[in-house]
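Thanks for coming. I have one structure to go through today, and I will keep to what can be read from its coordinates. Please have the view open while I talk.

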Amino acid sequence: MALSLYVDTARWRAHQKSVIEQFPGVVPVCKGNGYGFGHERLADETTRFGSDMLAVGTIYEAARIKDWFSGDLLVLTPFRRGEEPVPLPDRVVRSVSSVDGVFALVGARVVIECMSSMKRHGVKEEELGQLHAAIEDVRLEGFALHLPLDRTDGSDAVEEVIAWMDRLRAARLPLHSMFVSHLRSTELARLQQQFPQTRFRARIGTRLWLGDHDATEYRGSVLDVTRVSKGDRFGYRQQKVASDGWLVVVAGGTSHGVGLEAPKALHGVMPRAKGVARAGLATVNRNLSPFVWDGKQRWFAEPPHMQVSILFVPSDAQEPKVGDELVAHLRHTTTQFDRLVDR
């Protein structure tokens, strides 16, 4: 009995193929929990479709994934002086977002991150002149731009990349490769046409692995079902049942990421209103679970436990049985499954 991730493998791989065809030279990203699939599985998939490079989040992820992927590994978190030394093979490429960081990585393979409108990290325009001396002692793999997802000011992502290309060219820095994030395929094609001597490589994670929502599905197994009547007490806190129905114990708890939701940016009146309503219900211990039964998302009977959740199913619904599986609407990047099932 488990929280399972079911994958329609043929459909999932067909989506991967479509992304690869739209983004020649794509650098797949495998970071965090491996977008819900795990590092080993995504390393295998990347090997299967023949990419020469895989991007990971941290040096610790690189140390683990190096045994599963034989190509180059691009570490996305920028190098900082004083970081803990981790033994890594020569095929690991470090991202660097400061001139000082480039000077500190003598002999290393590096990608230099430029400061984009994200304003997260990167070398600034006024620092480009200092890079000439810094790159003499490293093996420069290219420059990179991590771009925002939304452009509420109406600005153009391509124009932002072009502006940086012009700055780098004016500073007489090599432009053989540019790594980019969050561009559409048409935008990438525009850039490649305008700068034919530069190889543009899109770093893609979410779109590649999670772009077809119907290719994957989480399900939790029903472990126990107990009939209850209105007023019966139950659970750790001995709350009263509000009406007749069933208490359903289902696989999937906090250790799986159930009930642990990352904050979301809300746009528009209706999503904000729903967020306020959910927050209000939570103050009276009414929390909607991610589990669906008999066509409806069901309420937690009490906060999820470590490995299971207890749901309340009212008597007007179909009675769940031990061994049934409930579809669960879970966020891949915060979920850990017990088993992955290819279909």
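Predicted model: local features only at pLDDT ≥ 70, side-chain atom pairs only at ≥ 80, totals over all residues.

Let me begin with the core. The largest nonpolar core has 89 residues. Phe 37, Ile 112, Leu 131, Phe 143 and Leu 168 are the residues with the most contacts inside it. Which helix gives the largest share of this core? That is helix H6, residues 157-170, with seven residues. Domain 1 runs over 7-210 and domain 2 over 216-342; both give residues to this core, so the core lies between them. As general background, nonpolar side chains in soluble globular proteins tend to be buried together.

Take Leu 168 as an example. If we leave aside neighbours within four places in sequence, Leu 168 is in contact with Cys 114, Leu 128, Phe 143, Leu 173, Leu 175 and Met 178. There is also a second, separate core, of seven residues, which includes Phe 234, Val 241, Leu 247 and Ile 310.

On to the cysteines. Cys 114, one of the contacts of Leu 168, has a relative accessible area of 1%. Cys 30 has 0%. The cut-off for buried is under 20%, so Cys 114 counts as buried, and so does Cys 30. How many disulfides are there in the model? The count comes to zero.

Next, strand E8, residues 177-181. Is E8 mostly covered or mostly open? Five of its five residues are buried, so the strand is mostly covered. On one side we have Ser 177, Phe 179 and Ser 181, and on the other Met 178 and Val 180; both faces are covered. Met 178 has already come up, as a contact of Leu 168. Strand E7, residues 139-146, runs parallel to E8, and four bridges join the two. In one of the pairings, His 146 has Ser 181 in E8 as its bridge partner.

Now a polar residue, Asn 33. Asn 33 sits in the loop between strand E2 (27-28) and helix H2 (39-48). Is Asn 33 buried or exposed? With a relative accessible area of 14%, Asn 33 is buried. What do the polar atoms of its side chain lie close enough to for a polar contact? Another is the backbone oxygen of His 332, at 2.8 Å. Beyond four places in sequence, Asn 33 is in contact with Gly 38, His 39, His 332, Thr 333, Thr 334, Thr 335 and Gln 336.

Thr 226 is in strand E10, residues 216-228, and its relative accessibility is 42%. Not counting residues up to four places away, Thr 226 touches Gly 245, Trp 246 and Leu 247. Of these, Leu 247 is included in the second core. Thr 226 and Phe 312 are 86 residues apart along the chain, and their C-alpha atoms are separated by 9.8 Å.

Asp 137 is in the loop between helix H5 (131-134) and E7, with a relative accessible area of 46%. Asp 137 and Asp 324 are 187 residues apart along the chain, with 61 Å between their C-alpha atoms.

That is the end of my part.

Conventions
Residues numbered from 1 in each chain as written. Heavy atoms only, no water. Core = buried A, V, L, I, M, F, W, Y, C linked by side-chain atoms within 4.5 Å. Buried < 20%, exposed > 50% of the residue type's maximum accessible area, 1.4 Å probe, protein only. Domains from an automatic or database assignment. Contact = heavy atoms within 4.5 Å. Disulfide = S-S within 2.5 Å. Polar contact = N/O pair within 3.5 Å; in protein donor to acceptor, adjacent residues only side chain to side chain. Pairing = 2+ DSSP bridges.
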